[in-house]
Amino acid sequence: MGNMIKMIVVLVGISLISGIALGGLNRLTKEKGEQNVLKFKKVPAVISIIEGVSGKMSEADEEKVTQELLSSYKMIDVGEEQELLMFVTKKDGKPNTIVIEREGEGGYGGNIGVMVGFNIQSGNLDGIGITTHSETPGLGARVTEPAFQHQFIGMSKDSVFKIKKNGGIIDQVSGATKSSGAVADAIRKAKATYDQHKDELEEAVK
């Protein structure tokens, strides 16, 4: 009986240690994955917005800005299940653009993640950047190209953020109505979030 109790205690101890170790590994893996998504998906989308405003960066400047963005992003409570990821970009050393991400529905390959930049002074768009998509190469994936994205630089906050086919002002990618519409949907959602939580977002800039 004594040996049986010892064996049970040992097995329980092993199970506890294994559970704690696996839990810690899962947390580390999750944190690493989240950092990779930030660095390789979200930050490059923000940089594309910055370059639309201020011009193409050198590799050295891009690396410097990448590190600044990774160390300065904010998570804002807007009453959703997850906090809202927000970046603040600068121009001439001063805060210039509030950038938030929303997902647009209706893409050919599923939802499309879009970073949308709002000029702090005017509220107009400073540009967009695509974070995630599963669109067809050569068709829907062309929403990631400058030829499509440049139209949003300086676009009025009062614009109808729909593709022209649906009564808006956005030029769609030829042959990619669904993909273009999903980007427009993401922009509309970002604009609604920005308008509703403008005070909280601007307070976070200070």
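Rings of Phe, Tyr and Trp (its six-membered ring) are taken as a pair if their centres lie within 6.5 Å, with planes under 30 degrees apart called stacked, over 60 edge-to-face and the rest tilted. The structure is a predicted model, so local features need pLDDT of at least 70 and side-chain atom pairs count only at pLDDT 80 or more, while totals for chains, interfaces and linings use all residues. Residues are numbered from 1 along each chain as its sequence is written, and side-chain values use heavy atoms, with hydrogens and water left out.

Searching the whole structure turns up 3 aromatic pairs. One of them, Phe118 with Tyr194, is stacked, at 4.4 Å centre to centre and 10 degrees between the planes. This pair ties together distant parts of the chain, 76 residues apart: Phe118 sits in strand β4 (residues 110–119) and Tyr194 in helix α4 (residues 177–196). Helices (H or I, at least four residues) and strands (E, at least two) are DSSP runs, numbered from the N terminus. Phe118 counts as buried because its relative accessibility is 0%; buried here means under 20% relative accessible area, exposed over 50% and partly exposed in between (1.4 Å probe, protein chains only). Tyr194, at 2%, is buried too. The rings of Phe148 and Phe152 have centres 5.4 Å apart and planes at 75 degrees, so this pair is edge-to-face. Phe148 and Phe152 are both buried.

Next, the nonpolar cores: each is a set of buried Ala, Val, Leu, Ile, Met, Phe, Trp, Tyr and Cys residues joined through side-chain atoms within 4.5 Å. The largest has 33 residues, and Leu125 and Val183 touch the most other members. At least two residues of this core come from each of β2 (84–91), β3 (94–107), β4, β5 (125–132), α4 and α5 (198–205). The top contributor is α4, with 7 residues. Setting aside neighbours within four places in sequence, Val183 is in contact (heavy atoms within 4.5 Å) with Ile112, Val114, Ile128, Ile130, Val143 and Phe148. A second, separate core has 15 residues, among them Ile49, Leu69, Leu70 and Val99. In soluble globular proteins, nonpolar side chains tend to be buried together.

That leaves β4 and β5. These strands pair in the antiparallel sense over 6 bridges, where pairing takes at least two DSSP bridges between two strands. Val114 stands opposite Ile130 in β5. The two strands make a hairpin with 5 residues between them, and Gly123 in the turn has a positive phi of about 85 degrees. As for cover, 7 of the 8 residues of β5 are buried.
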